[in-house]
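Hi everyone, thanks for coming. Let's take a few minutes to walk through a structure together.

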Amino acid sequence: MNIYLAGPDVFLPNAAEIGRQKVALCKRYGAHGFFPLDNAIDINAGDASRQIFHGNEAMMNHCDIIIANLTPFRGPSADAGTVFELGYMAGHGKLCFGYCNDPTLYLDRVRRMTEVTDRDGHLVDADGLTVENFGLADNLMMIHALDLYGAPMIVPREASNDLWQDLTSFEACLKLAASY
């Protein structure tokens, strides 16, 4: 079982350590974890971003499963790169698991960032743009990709004291993956 470990974890100050912890947990469940920072990339090369893309794409192609950290990143929703990776894996018919360490519903996270009002029965933000309100933890496309290609998103009952270091929900995804 090869698992691609997607998420904004790569941007954390201790990204390499989090990656090692996730890979070690995978090993405990009889799986091989592949963390994006494990790619050998020359970060100073003129084409570093393309190298990262192709390295991650090769890892995803090699893996059977994705576990995506969908904890909101720099906004009310999941990291855009992670969402792409989830869609890539779902589009290739691979097993998809995801977790979010913030149990707050998407609508409420949007409300933290902007005024949300009711306009003719539709919720809109301060710019007048419709705010998705299906009572879900994030955008419906992510939620249902997980439902259809793996398992419902793992969300704790209460927010962790440290959204970025807590691997409890990640490990719950691993347990699900090991049962397939």
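Predicted model: local features only at pLDDT ≥ 70, side-chain atom pairs only at ≥ 80, totals over all residues.

Residues are numbered from 1 along each chain as its sequence is written, and side-chain values use heavy atoms, with hydrogens and water left out.

So what is the protein built from? There are 6 helices and 6 strands, taken as DSSP runs numbered from the N terminus (helices are H or I, at least four residues; strands are E, at least two). Along the sequence they follow the pattern β-α-β-α-β-α-β-α-β-β-α-α.

On overall shape, a compact globule of 180 residues would have a radius of gyration near 16 Å, and the 17 Å of this protein agrees with that. That radius is taken over C-alpha atoms, and the globule rule is 2.2 Å times the number of residues to the power 0.38. Buried residues make up 43% of the 180, where buried means under 20% relative accessible area, exposed over 50%, and partly exposed in between, with a 1.4 Å probe and protein chains only.

Now to the core. A nonpolar core here is a set of buried Ala, Val, Leu, Ile, Met, Phe, Trp, Tyr and Cys residues joined through side-chain atoms within 4.5 Å. The largest one has 20 residues, and those touching the most other members are Tyr4, Ile66, Leu70, Leu86, Met89, Cys96 and Met153. Strands S1 and S3 and helices H2, H3 and H5 each supply at least two residues, with the largest share, 4 residues, coming from H3. Apart from this core lies another, of 16 residues, including Leu25 and Phe97.

Let's stay with helix H3, which holds Leu86. Leu86 is buried, with a relative accessible area of 2%. Beyond its neighbours within four places in sequence, Leu86 is in contact (heavy atoms within 4.5 Å) with Ile66, Leu70, Cys96, Met142 and Leu146.

Glu85 is also found in H3.
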